[in-house]
Amino acid sequence: MALCLKQVFAKDKTFRPRKRFEPGTQRFELYKKAQASLKSGLDLRRVVRLPPGESIDDWIAVHVVDFFNRINLIYGTMAEHCSETSCPVMAGGPRYEYRWQDERQYRRPAKLSAPRYMALLMDWIEGLINDEDVFPTRVGVPFPKNFQQVCTKILTRLFRVFVHVYIHHFDSILSMGAEAHVNTCYKHFYYFIQEFSLVDQRELEPLREMTERICH
């Protein structure tokens with residue numbers, strides 16, 4: 001029998017503190033609107049569409065932060081099964097290997113273990129979404145011109161978490177009774193990136209067959 005969401009994603013397994021939206025802000029109101037639509041049971045394809053009159057950058061920002069929180073939590077439940085020994089390379093099966101690159105420690109693509117890659121990824125995203133120059137929270141402060149490019153990079157890398165979890169740790173998902181919850185999160189993520197063309201189709205190839213089965 002599937003466990004309830006709170007049991008599956010227990011607080012003590014959370015990978016890191018959740019990034020929250022400040023009450024009273026437009027971003028918080030958009031977040032509440034998105035969450036209400038999700039809980040209403042509406043078709044996820046409709047849920048991700050930009051509400052009339054809303055800013056696309058605000059809508060994307062809200063979802064990037066929410067997906068960061070959700071995917072963080074999913075990986076946190078798998079973390080004990082994803083070690084330097086079990087996953088010495090950040091991969092998605094034998095055909096796909098993901099190397100890490102950033103502007104600080106790894107200026108050239110580096111082959112890392114999955115847990116090391118995940119830790120660097122979550123730190124990198126957290127730094128971006130807490131950066132007022134990238135994700136402004138003050139009223140009247142515009143998003144940077146390259147905002148959607150930054151979000152594309154974030155979402156592309158978050159997709160790789162799904163790839164690794166589904167291909168290498170699906171047995172753990174099943175054993176916890178979390179399959180339905182993880183699938184729903186994946187479908188929400190997939191419909192969103194497709195709605196706004198935020199991730200290159202080639203990046204989606206590792207999960208293409210599964211996606212065709214659960215998202216169509």
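**Entry 1: serine 197**

I looked up serine 197 and found it in the loop between helix 8 (179-195) and helix 9 (208-214). Helices here are DSSP runs of H or I with at least four residues, strands are runs of E with at least two, and both are numbered from the N terminus. The model is predicted, so I kept to its limits: local features need pLDDT of at least 70, side-chain atom pairs count only at pLDDT 80 or more, and totals for chains, interfaces and linings use all residues. Residues are numbered from 1 along each chain as its sequence is written, and side-chain values use heavy atoms, with hydrogens and water left out.

I then read the phi of serine 197, which is near 50 degrees, a positive value in a residue other than glycine. Most residues other than glycine have a negative phi. Is serine 197 buried or exposed? Its relative accessible area is 64%, so serine 197 is exposed (exposed is over 50%, buried under 20%, partly exposed in between, with a 1.4 Å probe and protein chains only).

**Entry 2: the whole chain**

I counted secondary structure next: the protein has nine helices and zero strands. Of its 216 residues, 50% are buried. The protein exposes about 11700 Å², of which carbon and sulfur atoms supply 50%; the area comes from the Shrake-Rupley method with a 1.4 Å probe. I also checked contacts (heavy atoms within 4.5 Å). Among those in the protein with a separation of 6 or more, 73% are between residues 24 or more positions apart.

**Entry 3: helix 4 and helix 5**

How do helix 4 (residues 56-78) and helix 5 (residues 114-129) pack? I found an angle of about 155 degrees, with the axes 11 Å apart. Each axis is a line fitted to C-alpha atoms over the stretch in contact, and angles run from 0 to 180 degrees between N-to-C directions. Helix 4 and helix 5 are therefore roughly antiparallel, the term for angles over 145 degrees.

I listed the residues that make the contact: Val65, Phe68, Asn72 and Tyr75 from helix 4, and Ala114, Pro115, Met118, Met122, Ile125, Glu126 and Ile129 from helix 5. They divide into nine nonpolar, one polar and one charged (Ala, Val, Leu, Ile, Met, Phe, Trp, Tyr, Cys and Pro count as nonpolar, Asp, Glu, Lys and Arg as charged, the others, Gly among them, as polar).

**Entry 4: asparagine 69**

I went back to helix 4 for asparagine 69. Asparagine 69 counts as buried because its relative accessibility is 3%. From asparagine 69 to glutamate 126 I noted 57 residues in sequence and 9.8 Å in space, C-alpha to C-alpha.

Key: Angles under 35 degrees count as roughly parallel, over 145 as roughly antiparallel, 65 to 115 as roughly perpendicular and the rest as oblique.
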